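Grab a pencil and have the viewer ready.

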Amino acid sequence: MFPDLDFDLNRSMIFNPLIVVASELGISRSPTATRSESNGAEQIVRAYRRVNESGIGSVIVDSVDDAEAAAAIADGAYTVRTDLSEFGRTHNYRSASGAERIAATVNRFDRYYTHDIVVAVPDDMPELRSFYMQGLMYALASSEVGIATLVSPLKDGDLDDYGVVKASVDWNSNRKVHPLEGSRVGTLRDLRRNPGALDTDDLYKFVPIHAWRRGALDRLVSMPPSDRELDEGTDLVRALDAGVRIDVCLVWEDMKVLIKPEEVRGDEIEG
């Protein structure tokens, strides 16, 4: 059938993701910390480059000042601007995923829902690697998953560090991540800063990069923030409590990439 057509079997783009690299999205920065214009511009350009190198989806930069926007544009990025004063603290825009802010940005940029997946990437992550985007796509491969995120192994001191959000995961031995050596996929059980509140010693560090199906994002922002999500510092807790399935992919900074995004074939992504 259709013998003259050369079908592209690359399914690293089975979705149509919109990746938003957002300035001052996360909570790792102290509210009293200063961020110079030059430093902010360098961070957002570095994050944009690493995400863009993945070759997955369309990438935009959500900046908060003129210097960041100018630097991103000079590097070839499409930019939008966010006025953080429009987001009250009760909207939890300083959480590790910042769903309300990202939803506002995406709905302004893509009001007709051209993109079915929305990925939020904070700009202040030195450990960010381009293959993290591949991991997110594998975690989203099951149609039952509303949100995908990442975890990494705990490093020395992380377990007792209250600033580090820990994750417990039900790993699925049947879910293979072909491009990333040693990676795996599972379903998120819970997120806590206090490891003693989790019922397992098999814990991981929560990596605040998230991919939402558009419907899951709309559902999340229609609900008010919960006390527990503000305590834990991520609105994914709100989604967990609402019964949204969140799957995770295990990644780390120096892991070996076996297959580049453009080399992934259809039978290498498994739901």
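Below come the ground rules, then the exercises.

This is a predicted model, where local features need pLDDT of at least 70, side-chain atom pairs count only at pLDDT 80 or more, and totals for chains, interfaces and linings use all residues. Residues are numbered from 1 along each chain as its sequence is written, and side-chain values use heavy atoms, with hydrogens and water left out.

**Exercise 1.** Work out how the axes of α3 and α5 cross.

*Solution.* Step one: find helix α3 at residues 99-109 and helix α5 at residues 214-221; their axes come within 10 Å and cross at roughly 125°. (Helices are DSSP runs of H or I, at least four residues, and strands are runs of E, at least two; axes are lines fitted to C-alpha atoms, with angles from 0 to 180 degrees between N-to-C directions.)
Step two: α3 and α5 are therefore oblique to each other (under 35 degrees is roughly parallel, over 145 roughly antiparallel, 65 to 115 roughly perpendicular, the rest oblique).
Step three: α3 supplies Ala99, Glu100, Ala103, Val106 and Asn107 to the contact, and α5 supplies Arg214, Leu217, Leu220 and Val221 (contact means heavy atoms within 4.5 Å).

**Exercise 2.** Describe the pair made by Trp171 and Tyr204.

*Solution.* Step one: the rings of Trp171 and Tyr204 sit 5.2 Å centre to centre, with 80° between the planes, so call the pair edge-to-face (centres within 6.5 Å make a pair; planes under 30 degrees apart are stacked, over 60 edge-to-face, the rest tilted).
Step two: Trp171 is in strand β6 and Tyr204 in strand β8, so the pair ties together parts 33 residues apart in sequence.
Step three: Tyr204 counts as buried, at 8% relative accessibility (buried is under 20% relative accessible area, exposed over 50%, partly exposed in between, using a 1.4 Å probe and protein chains only).

Terms used
Rings of Phe, Tyr and Trp (its six-membered ring) pair if their centres lie within 6.5 Å; planes under 30 degrees apart count as stacked, over 60 as edge-to-face and the rest as tilted.
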